[in-house]
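Below are some notes for a reader who is new to this structure.

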Amino acid sequence: MKLGPVELPALAVPRLGLAAFRRRAVVHLAFLLLALATVGLVLTVLIDQKQRAYQRYAQGFRQSLAEIVLTLRHPNGQLALLNPTMNAGDRDGQAPVLLPFSAIDFDDQGKAQRAVEMAGCGLRWPDGASLCVAVGANAYAGGFVYLVGSLESGPLIGREHGALDLSGVHRARVTLKLRGETQTWIAPFEGAAASDGTQRGRLTGFLGGGPQLPGKSRPVREFRGWLWREGPCSEGRSGPDCPRRTFYSIRLPVEAFQDALFDADGRRARPVWPPLDLDQARVRVELLGPAEAVEGQAETPTTPTTLFDSGRPGASLAQSLDRIGASLQPGETLRIERLGRQAQTLAERRGPELSERALPWLIHVMRRLPVQGDILGVGADRDAADVRWLTASDEVQTASGRYRLDLRGDLRSLDRQLALEARPLAWLAAAMLAAVALAWLMVELGLIRGIAVLTKRAAAVSYNMQDARADQRIGELDVADLRGRDELGILAGSLADALSRVKDGLRREQLRAEREREMWHAVGHEIMSPLQSLMVLHGAPEDASHRYVQRMQQAVKVLYGSAPPSEALASADLNPQALDLAAFCREIAANAHYAGIDDVSFASALPEPLPVRAEAYALEDAVTHVLRNADRYRPGGTPIALTLEAGEPGVVLLRIHNQGPPIDAAMLEQIFEYGVSDTAPQASGERRGQGLFVAKTYLAKMDGSIRAFNVPGGVVFEMSLRRTAA
């Protein structure tokens, strides 16, 4: 039985010594050590992570500069140094670039090809075509522009010696724009095809760009060009006429460059090389084929087909100074200077910015963490964690001069990056600390503080056993085995003293009174139902039995209280036997009016007799409770129908159907629980919410069951009983 809270008066409480608070101190110390261990573990992991990261960074910092220097010492790296403004060209053509070597051996295909590939000076198009437009690093090698490129093409038609009409042959057209002037060369292909489909020949240059050469035109002496069409067929093609890789190499004379090599007297001068306006020059290369006839036109076609045009968009650089700093880490800065009388900064590259922002407090923590050892090369007398910048430098020597590279690393960016990487660990540590704090609060507020209050109250009870309400202070505790000097020991001793004096007797008295009251409740409930039937049978005032039945009913009402008889019903013993259910239901329907329930009908579609396993009186009580419930809710004048139907194999279903309002779906299971009713109990004891509970309990003891469900216009209670042998 639950007791309400007791407000204790101010009682004399003994003064507790330090031993009484020992466990509380131990628990608090344990939680504190757990929190400190969590923080220490996280800091240890972060220090180790920072130590390793700094070591890797210090080892890779100078290695990064060495790799960049190694790249710039290669010809393609030197090309980027010599041509810091190199771009992919435009519609007017490409600006010549300065090569890291003096000239290109354009007469040899292999050497010319290796030179442009090593230098990385070529533009590349998505269809595989390429073109390098360059000048040599040595001015005295001659004022020439070298054009080296390749493309995929079919068989080439060469020019016959002395032919002036070039519209039917393959040819190269080169346009140079320099210093406000435009100069054009046309170079027809002169060569024949070999038996294996390969072709080799010369590109002879003439001034002009039209398909028709003027009479007695002579080739330009310094214009030299070669073309090679060889190698395997393109992928997916075969035959002698299949497209093959075509490689060409042209040396283009530029009079403006050549004139700068000599002074007014014709002597060699000391030229400025490369020319200051080299990046202003534009060279456009076009490879043209024979004109193709258009269907429906009778005129001879004059528009040539274009195999390649360097002015078309889509070209990309193989190498440029912009790509030198692609491998820089966040916080690193690379500066490239050209050394000389006046240093000139060619480029300054910075590493990428961190895409995410780290927590400021976590960055501060990472900066404050120590780094052991001389991992940054700062010397033993300085703390490596105080260093914020790392620097390294090197030089690259080229044909045109010396270049200095300065690499600077910001360790604060490394700390920010470490803070980003440590963010999951920080959240995990915060979650662990929150869990420790929550556990401490639960133990402190929910356990230790409660134990302290109970300790004081138990001590007060022990010292004040003569209080009139001492029995209210004694709970159902058996704590004699917990005697001691700490909090629980004091509580156990105090409660054990009180329990040893009065607990046993008080509990026995409570149990006896409770059992007696429950027994009378159960007896009274079970007697009330048949007594009501007797009151109907002997209801006439002149009947001699009326007075005695009335007295019996009054006596039961006196004994019948308000407590539920659930335990008495649950402990009742039944003796189920074979019972003819059809005859039983027929008798129930015939005698229902004696219990005040009219218009009860019975029907069965099953063969008789119909033996089931049941006890007659208990089953009658269960059916009567359901009939009373149905009679209470049916509209006046409507019948109650009892029917028998076959259920699962070996099961008979007794259904009781009444018209009336449906039962709420949420209450279909709850109405069989004890005390569940939609109306308040009456003075007579009815409508206490126990009739359906009795029916469910009795049927369960007879290996049966009961359920309720709604049907259109009414409610059905279905009882299932097991068949048995007659």
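1. Strand 21 and strand 22 pair in the antiparallel sense, over seven bridges. Two strands count as paired if DSSP finds at least two bridges between them; strands (E, at least two residues) and helices (H or I, at least four) are DSSP runs, numbered from the N terminus. Across this pairing, A646 stands opposite V652 of strand 22. The two strands form a hairpin with four residues between them, and G650 in the turn has a positive phi of about 85°.

2. This is a predicted model, in which local features need pLDDT of at least 70 and side-chain atom pairs count only at pLDDT 80 or more, while totals for chains, interfaces and linings use all residues. Residues are numbered from 1 along each chain as its sequence is written, and side-chain values use heavy atoms, with hydrogens and water left out.

3. Strand 21 (residues 640-646) also pairs with strand 19, in the parallel sense and over five bridges. Here V600 stands opposite I640, and the bridge partner of A603 is T643.

4. These strands belong to an open sheet of five, in the order 19-21-22-24-23, with mixed pairing. Strand 19 (600-604) and strand 23 (705-711) each have a single partner strand, so one side of each is left without a neighbour in the sheet. Neighbouring strands are turned by 20° against each other on average, direction ignored. Axes are lines fitted to C-alpha atoms, for helices over the stretch in contact, and angles run from 0 to 180 degrees between N-to-C directions.

5. Helix 10 (residues 581-591) lies across strands 19, 21, 22 and 24, and runs at about 160° to strand 19.

6. The largest nonpolar core has 92 residues, of which V145, Y248, L334 and L405 touch the most other members. Such a core is a set of buried Ala, Val, Leu, Ile, Met, Phe, Trp, Tyr and Cys residues joined through side-chain atoms within 4.5 Å; buried means under 20% relative accessible area (1.4 Å probe, protein chains only). Helix 1 (residues 22-73) gives the most to this core, with ten residues. Another core, of 44 residues, lies apart from it and includes L579, L581, I671 and I706.

7. How far does the confidence go? The chain averages a pLDDT (the predictor's confidence in each residue, from 0 to 100) of 78, and 76% of the residues score at least 70. Confidence is lowest in helix 8 (residues 544-559), at a mean of 58, and highest in strand 5 (residues 171-178), at 93. Over residues 1-12 pLDDT stays under 50. Where pLDDT is low, the predicted coordinates should not be read in detail.

Methods:
Contact = heavy atoms within 4.5 Å. Buried < 20%, exposed > 50% of the residue type's maximum accessible area, 1.4 Å probe, protein only.
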